[in-house]
Amino acid sequence: MVDILVGAEISADDFPPAVWDSDTTGIVQISSTTFIAGSPAVELNFTAPTSGTVILSVGMGGSDNGGTNRIHVAPEVRLTNVSGSVVLAADVTTRGVGTPGEVGANVHRSRTTLLTGLTAGQLYYARVLYKVSGGSTADIACREISVTPTPLGGSFAGRPVRALDFPPAAWAQNSTQINNPSNSGYITGTPEVSVTFTAPTSGRVLLIVGGALGNGAGGDRIFLSPEVRETNSSGDLVLSPSVTSRGFGSDICAGAFHYGSRESVLEGLTPGQLYYAVVKYAVATTDSGGSTQDIGCRDIGVVPIP
Amino acid sequence: MSIEAGDLVRAVQPTAYVHDDTIITEIANTSYETGSPEVGVYFIAPPSGRVRLTLGGGFRDNGASAVDRLFLAPQLFRDNSDGTQVLAPSVTIRGYLAAREDTEFQYGSRVSFIEGLTPGQLYYLRTMHLTNGTAPNNADIAARDIIVIPLP
């Protein structure tokens with residue numbers, strides 16, 4: 001990944017436009033268990049920034065009025081256009097948003113991940129694909145996708161642009177399955193899913209946590225929440241994990257994996273300071289269902305913002 | 001609008017963020033209301049006229065029979081909540097719609113863009129919410145949050 005370094009000349013190529021597409025055409029009685037684009041396609045083109053890293057969000061509204069089948073919505077990315085080579089294949093576990101099969105009326109939600117390693121200046125094509133876990137009673141009410149090039153850091157009017165205005169975004173993800181956790185306090189787990197990042201001039205970053213949770217209807221909920229420290233895992237605590245404030249939490253109704261994320265903003269960081277952010281998990285053992293839910297994927301992203 | 005080579009790059013406006021974790025219980029309104037406290041942010045539209053919006057929070061229906069979904073939607077005004085309404089609250093494209101089957105709080109976000117804003121104009125965006133309003137009205141909110149990031 002090419003970052004904007006001290007002394008580098010800032011160019012327009014560092015900041016190509018963010019793009020999104022959204023459609024509210026209802027798609028009913030979906031039966032495909034492999035990813036399809038549907039009609040109309042929800043798609044866009046974007047140019048990769050100098051950093052090669054973009055924020056990739058997909059969202060949807062949907063339900064199964066039969067109350068059993070999950071809907072999976074995931075982004076696919078190709079070079080140039082719909083016929084180009086696949087750069088990112090659709091994968092709901094690592095990139096997608098998905099409903100619990102139990103929801104009998106529409107729910108609307110998103111998943112945000114960071115896509116890294118893109119070729120600066122390259123034109124890409126991205127679209128929303130979807131499938132169901134089975135049956136033919138699940139319906140989609142809306143689909144959307146957005147691509148936001150990073151960095152998004154900003155300077156202040158009248159000041160020279162400095163490299164610290166645009167430190168790189170950071171991203172980590174792991175899809176090792178963790179079965180039936182029962183810890184009521186937050187733990188890091190194995191493997192640890194963490195990043196280090198440098199705070200921008202603004203002192204503000206977008207924190208993203210998400211993943212795959214569920215797999216035990218009525219089971220105790222699982223929470224994924226970010227913890228932030230100075231420098232490394234032994235550094236001074238800056239932010240304690242809290243699902244209410246910043247975490248992604250599972251649906252207690254979910255008998256199988258479902259997918260999503262939560263975003264928040266962390267402010268007041270010291271510009272130039274190195275920080276460490278880790279996604280931790282805890283189980284709501286005060287729920288009445290027992291430790292039957294699992295973790296299928298854990299994500300953490302940090303994006304410097306204006 | 002996008003930045004072209006040779007353009008003067010202007011300072012971008014700061015991100016606007018608000019999070020409130022006041023618990024609101026037994027919600028019964030079937031038309032959009034702000035709730036208390038009102039959760040909103042002011043922001044100035046950037047030169048692109050484009051912002052990235054994240055709406056999220058925590059929601060449940062802990063009634064004996066889970067029947068109500070909580071709809072959390074953005075409402076956008078010029079200047080302030082007395083100004084011209086730019087976006088009426090709607091969950092379809094930009095809102096978070098919770099599962100009625102969740103008897104305990106579920107937390108997450110929804111992401112969208114708002115385009116075509118007037119560069120330099122002050123805007124106010126707040127959350128509004130409603131439920132299906134089916135008795136016994138046991139839908140609750142644990143948290144509401146808004147992020148508005150000005151885009152290049």
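Predicted model: local features only at pLDDT ≥ 70, side-chain atom pairs only at ≥ 80, totals over all residues.
Reader: How many helices and strands in chain A?
Author: Chain A has two helices and 19 strands. Helices (H or I, at least four residues) and strands (E, at least two) are DSSP runs, numbered from the N terminus. The radius of gyration of chain A, taken over C-alpha atoms, is 20 Å, close to the 19 Å of the globule rule for 306 residues, so chain A is as compact as a globular protein of that length. The globule rule is 2.2 Å times the number of residues to the power 0.38.

Reader: What does the C-alpha trace of chain A span?
Author: About 60 × 45 × 30 Å along the principal axes. Buried residues make up 55% of the 306 residues in chain A. A residue is buried if 20 or more other C-beta atoms lie within 10 Å of its own, exposed if 12 or fewer, and partly exposed in between, with C-beta atoms placed from the backbone.

Reader: And chain B, how many helices and strands?
Author: One helix and ten strands, in the order β-β-β-β-β-β-α-β-β-β-β along the sequence. The C-alpha atoms of chain B fill a box of roughly 65 × 30 × 25 Å along the principal axes. Of the 152 residues of chain B, 54% count as buried.

Reader: Which domains does chain A have?
Author: Domain 1 (12–149) and domain 2 (163–304), with bounds that come from an automatic or database domain assignment. Their C-alpha centres lie 22 Å apart. The contact between them takes 22 residues from domain 1 of chain A and 25 residues from domain 2 of chain A. Two residues are in contact if their C-beta atoms, placed from the backbone, lie within 7 Å.

Reader: Which element gives the most on the domain 1 side?
Author: S8(A), with six residues on the side of domain 1 of chain A that touches domain 2 of chain A. By class, that side has five nonpolar, 13 polar and four charged residues. Ala, Val, Leu, Ile, Met, Phe, Trp, Tyr, Cys and Pro count as nonpolar, Asp, Glu, Lys and Arg as charged, and the others, Gly among them, as polar.

Reader: Over to the chains. How many residues from each are in the contact?
Author: It takes 50 residues from chain B and 55 residues from chain A. S8(B) gives the most to the side of chain B that touches chain A, with eight residues. The residues of that side divide into 23 nonpolar, 15 polar and twelve charged.

Reader: Which residues touch the most other members of the largest nonpolar core?
Author: A:Val205, A:Ala277, B:Val51 and B:Val148, in a core of 118 residues. This core draws at least three residues from each of domain 1 (12–149) and domain 2 (163–304) of chain A. A nonpolar core is a set of buried Ala, Val, Leu, Ile, Met, Phe, Trp, Tyr and Cys residues joined through C-beta atoms within 7 Å. Leaving aside neighbours within four places in sequence, the contacts of A:Val205 include A:Phe197, A:Leu266 and A:Val302.

Reader: Why is strand S9 of chain B called largely enclosed?
Author: Because eight of the ten residues of strand S9 (residues 122–131) of chain B are buried.

Reader: Which strands pair with S9(B)?
Author: Strand S3 (residues 40–44) of chain B pairs with S9(B) in the antiparallel sense over five bridges. Strand S5 (residues 70–78) of chain B also runs antiparallel to S9(B), joined by nine bridges. Two strands pair if DSSP finds at least two bridges between them. Among the bridge partners, B:Ile44 goes with B:Leu122, and B:Pro74 with B:Thr127.

Reader: Is A:Gly296 buried or exposed?
Author: A:Gly296 counts as buried, with 21 C-beta neighbours inside 10 Å. It lies in strand S19 (residues 294–304) of chain A.

Reader: Where is A:Pro271?
Author: In the loop between strand S17 (257–266) and strand S18 (274–283) of chain A. A:Pro271 is partly exposed, with 17 other C-beta atoms within 10 Å. A:Pro271 and A:Gly203 are 68 residues apart in sequence and 5.4 Å apart in space, C-alpha to C-alpha.

How values were computed. Residues numbered from 1 in each chain as written. Chains lettered and ligands numbered in written order.
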